[in-house]
Amino acid sequence: MGEYRLLLANVDKPGSHKLEVYRKAGGYERLRKALFEMKPDEVVEEVKKSGLRGRGGAGFPTGVKWGFVPKTDLPKYLICNADEGEPGTFKDRVIIEKDPHLLLEGIAISAYAIGAHEAFIYIRGEYEYGARILESAIREAEEAGILGDNALGSGYRIKIVVHRGAGAYVCGEETALINSLEGRRGHPRLRPPFPASKGVYQCPTIVNNVETLASVPFIVEKGGDWYASLGTEKSKGTKLFSISGHIKRPGVYELILGTPFDVLLNELAGGVRDGRKLKAVIPGGSSTPMLTAEEVEGMTLDYENIQARGSQLGSGAVIVMDDSTNIVKVVWRLAKFYAHESCGQCTPCREGTRWMVQILDRIVRGEGRMEDLDVLLDFESIMAGNCLCPLGDAALGPLISGITKFRSEFEAQIKSGRCLV
Amino acid sequence: MARITIDGIAVEVRDDATILEAARKAGIDIPYFCYHPYLKPAGLCRMCLVEVEGMPKLTPACVTQVRDGMVVRTDTPRVKKAREGIIEFQLLHHPLDCPYCDQAGECMLQDITYRYGRATSRFVDEKELFPTKFYGPFIVYEQSRCILCKRCVRFTHEYMAGTDWNVYFRAAHSLIGTYENKEIADYFTCNLVEICPVGAITSRLYRYKVRYWTLEWARGVCRECGLFCSLDYGIRENKAYRAKHNVNSPGPWICDKGYFGFECMNHPERIKFALERRENKLVNVGLEKVLNGITQALGRYKPEEVAFILPSGLSVEDAAGIRNFMDNFGIKKAEYRVGMEDYLPFGSNVDSLEEISEARNILVLSGDISNSYPVIALTICEAIGKGANVVLLTSWDYYLMKRVNNLFCIKPSCEDGAIYSLFSGKWDEFTGLSREEYERLEAFLQTKPMIVLGPRAQEAVRALIVDYAIKNGLKYIILDRSSSSYVAYTYGLFCKGIDSLLEEVKAGSVKALFVLGVDLFREVPNGKLVRDALGSVDFMVYMGLFFNGTARYADYFLPLTELVEEEAHFVNVFGKLTKSKKSLAREYEERSIREWLKLISEKMGKKLDLEVREFKPKFVLVEGNKKPKDIVLSGSGDFEALFEIPFYRNFRYMEGKSKLLEASPEPVLNVSIYDARSLGLSNGDYVSLDIGGPSFKYKIRVFDELVKGVLVADTGFEGFPVNEALNNRIAKVKIKK
Amino acid sequence: MVVDRSFVSEETWAKIEDLMGRYPDKRSALLQVLHVVQDEKGYLNYDAIKWIATLFRLPPAEVYSVASFYTMYNLKPVGKYLIQVCTNISCSITGADEIVRFIEKKLGIKVGETTPDGKFTLITVECLGSCGKAPAMMINKDYYEELTPEKVERILESLK
């Protein structure tokens, strides 16, 4: 078992971002198939059958989400979430920069499936290069008659607009993203109503991650059953993993879900660097609770196995920390990130993340008190599930797991009174 | 209907009710900060979290709709823990300065902490405190006390169609305040104070005056415009300290004029004794002497030589009293249209503010609605917030021009012509509208919009619109300049217009005047005529609260009561009555208009009946089709100027409302961006305005939406007699840097 | 409403017109217009905010409220080169702090400051999505990855 390249099949080809190269590899034939041989509902059905789950982090079944779009006369919109901001995650960037037409094809098919004529790619502001690549890919595809008023001559209109974000992690949350797309502050909205019934411009809207949408062409091409034959019982298909940290060969690797973590860590990424020992792993992006070296033993990379170990597959961003890592500093650094990125709307997230940082600042400066650790752990009862959006819970991920699993390290820091900065 | 159980209590509520509403019905208290019955649910503060059977997470009661059979618990350890946590979080950086905070006693944070909070805080870190910010004359902002519930910001978005007040940055650095200006005085500023659940935004007028719990509340009516909003006044030791809007009468919000206007009751310069002229002074000679003097003087004039000039904000009782007084003595002349209106009330077929807020299309014509009927303008903005398409055709409306979806701005002298041409279906190039603009307006008219017509439009235009609206089934509201129009018209208290009445005074055919609470120099656009008329008046009784330019000509000054010093009824633009109770005892000789007239009448041997048994407003019936009168502009110059009293001066008894006047400290001249550029003018520059003779110093405000060649100039300033150089609201003028 | 087109270059104006035509509701273009105006002006001062507000028929406070929510809009002047060093998790455990200290020393400024000649502004930012090539930074719109002090020195030299 090693890499299984479905989404990454083209990325190493020279000029992989060009239409010509993409078409040579059979590009846009899946769109043709969908438009000419399938009804929208049939596409939805295949995606349901495939067992594809959202690759942005939440892992919600994509076909089920599409099924929530009501049958109304209102325009429907598809939004591709390319606001890749979860620390540790850099997988979507590869698709955007190296195989933009795969993404566009996935968007076009998905738009057709849910009855949308307009789709937006919400790309994080920092990926300006990626935005340019996408813009020119759209232009190429429009000029070739693949996108536009008459996609591939089918009479179906598909317009794709690239929308750049401007630096706000919270806009990765789909309702915040919708507000941002409407030209507003990136505040998450209350749910219900869910975007599938009332999203952008109060119309039915589906928001899917880049990787999710890029998987759709393969499902259309080879069938939902084929896709579902890859992976485990609850985790179907392939997934991109971005592995970083204290590792020899960091990067993006595509694996069939259920592949042993050991394959990713040691075979592909070359293991922990400088001959050091593994200390901890954040398995699915900074919001997922960290796991100790013992806890990742025998772990397989799929939704259920990681969940059973008390963490999540998340966005597939694996951050590897060796035994030189100071966990107190890691927890402190991540707390600062969430305090910086909280939108500030709801009390528990805004005040909780701020206080978290104030306490950790003190601990890191060597002015911590033992009681502080219990206060920090108590944040869970105040914040968990009580915030308006998942950001508050995300902030708890590294905090609670860090203190619980490496409590002695925190206690040692408090006792030593050492200033770490 | 849905049946749900909250803490074991069964309650039946509407299917679309929220858990919070259901809990109220069941008599169970659920604490909240950001929820407000008139704001869209936001779910921000997370104070109202409750446990619902079958739901894994706690859920905010303010936004969660009930389901039949739902079982809710507010008394579980999880809920208790969450509440304590949220309160602890809210208080982390709070200064805990209740002992001198004006909100204490009506502070939701204080109340909720007391009921649901922990006894101690675990916070040992440094509090982030911020300095006090004074945003202009009305509000104080204490960021340290702000819990970021955003009620204020949401109000500005949902009702005001935006203003210079917002939230900036994000996370714990979120900051609320103005952006463009250091001050905020935007007609509805008072609502920011009222809507703030904590001591973050408080009123400067109320600052450090009294403690909330020492106040008693008296129901009264604001008399500043034809909406006659019902207000509650906070009273202590026979003095008013606060105003508060009370729900839904006629709407949930009020304007600054009403909120800060009660100040005139307590003003130190208020006159509370009847005075008589001795040489150049009005002096207190005792009530008896004053009454004798007035009755003796009146005896010298024939009934046709006596006339009444009436204020805006007249109560039904006063109007009836004046009518009866006039009938007692055969007096025929009275006039309420001091703004030189040529029209009488046409009324409206709209019943409530709610109807305006629900309208999908609204055509707003003429102006200046936001100045004369602020809450109607606010409701139009509310409709904009709800997605209505609002089209405005005007030369000037400070508040609405920046906010409507489609603006057609024209010259003041073209207003009537343009509206007339639109409703008579004939485009005319002299209206200042291009053919294309005219067609867009005409197309909009086809959507059968609600029509709101402002007080500047003349009679012919009014009649045409009402006629059109009735024939085509449109909703309309025809707004009059004077809020007394309904009662005054119903009691026949009008003659041929203020100018013709003043001409008679000038010519000597009217010799005795009762001027009731109006400063003619301020309110009559033809200031020249006022000066000439008052200069030649033989005898004048002035009733009011303060000494002013008009009172200077009085032989007798009779002090009036105001607001909650008398019981009275008022009839609003929708034809509905509101009642003001008498809650303050009178100190000296102040009386209502009708009480003074009763005293005088009885002194002259005739009883005056003050009881009003029934009141039904009458309206003008539309007949015939008149063309609007051409507006002849006096003066000369390249600019056409419109002279209007600005919002923060346009009210009764200006002299006693210093707080409001602070928002309009000096005369402003609004200039279009084109003219500003060609003349090299920018905000804050001073120019002199030449009206053919005297010139007046104005401060420049560049107003993006104004039409080229048009100026809008403030009037109504003490010692700034620009009116006296004018004979109408519009004139040709020149400006010099 | 009057929009003074001469406030921006013809090229920027053309971009703005294009952007405002892309969406079903023109307000959606607000973030994009803030980007292109900033690209031309370097930062968004009151005049720029007010101009954009007029363009969108919004109160300037509303535009500022939106702009200040996002970290990529510069509300104050920045140097010709805006150095944005990622200090989030993968970068910080692979030496980002060292990179920041190196740049501070090299340029003689602290994080958040601008060199007296107005050439460089140094800030730290959250995850740039370069964790696979950490530590990373952006200078204006370009990514620089797998940084070492030596590499940073060469990059800074090349910008002088």
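Student: Which residue does B:Glu562 form a salt bridge with?

Tutor: B:Glu562 pairs with B:Arg223, and their closest N and O atoms are 3.6 Å apart. A salt bridge here is a side-chain nitrogen of Lys or Arg within 4 Å of a carboxyl oxygen of Asp or Glu. Before we go on: this is a predicted model, where local features need pLDDT of at least 70, side-chain atom pairs count only at pLDDT 80 or more, and totals for chains, interfaces and linings use all residues. Residues are numbered from 1 along each chain as its sequence is written, chains are lettered from A and ligands numbered from 1 in the order in which they are written, and side-chain values use heavy atoms, with hydrogens and water left out.

Student: Thanks. Where do B:Glu562 and B:Arg223 lie in chain B?

Tutor: B:Glu562 is in the loop between strand E25 (556-559) and strand E26 (568-571), and B:Arg223 is in the loop between strand E11 (216-221) and strand E12 (230-236), so the pair ties together parts 339 residues apart in sequence. Strands (E, at least two residues) and helices (H or I, at least four) are DSSP runs numbered from the N terminus.

Student: Is B:Glu562 buried or exposed?

Tutor: B:Glu562 counts as buried at 2% relative accessibility, and B:Arg223 counts as buried at 4%. Buried means under 20% relative accessible area, exposed over 50%, and partly exposed in between (1.4 Å probe, protein chains only).

Student: Which residues are linked with them in a network of salt bridges?

Tutor: The network links B:Arg223 and B:Glu562 with B:Asp318, B:Glu566, B:Arg594 and B:Arg652. Over all chains, the structure holds 101 salt bridges.

Student: New topic: how many residues of chain C are in contact with chain A?

Tutor: 39 residues of chain C are in contact (heavy atoms within 4.5 Å) with 58 residues of chain A. The rule finds 4 salt bridges across that interface. A:Glu128 and C:Lys141 also meet through their side chains in a salt bridge, at 3.1 Å, N to O.

Student: And which helices of chain C each supply at least two residues to the side that touches chain A?

Tutor: Those are helix H2 (30-41), helix H4 (60-69) and helix H5 (89-92).

Student: Last one: how many residues does the largest nonpolar core have?

Tutor: That core has 289 residues, and those with the most contacts inside it are B:Trp165, B:Phe308, B:Ile376 and B:Phe423. Helix H13 (residues 327-341) of chain A gives the largest share, 10 residues. A nonpolar core is a set of buried Ala, Val, Leu, Ile, Met, Phe, Trp, Tyr and Cys residues joined through side-chain atoms within 4.5 Å.
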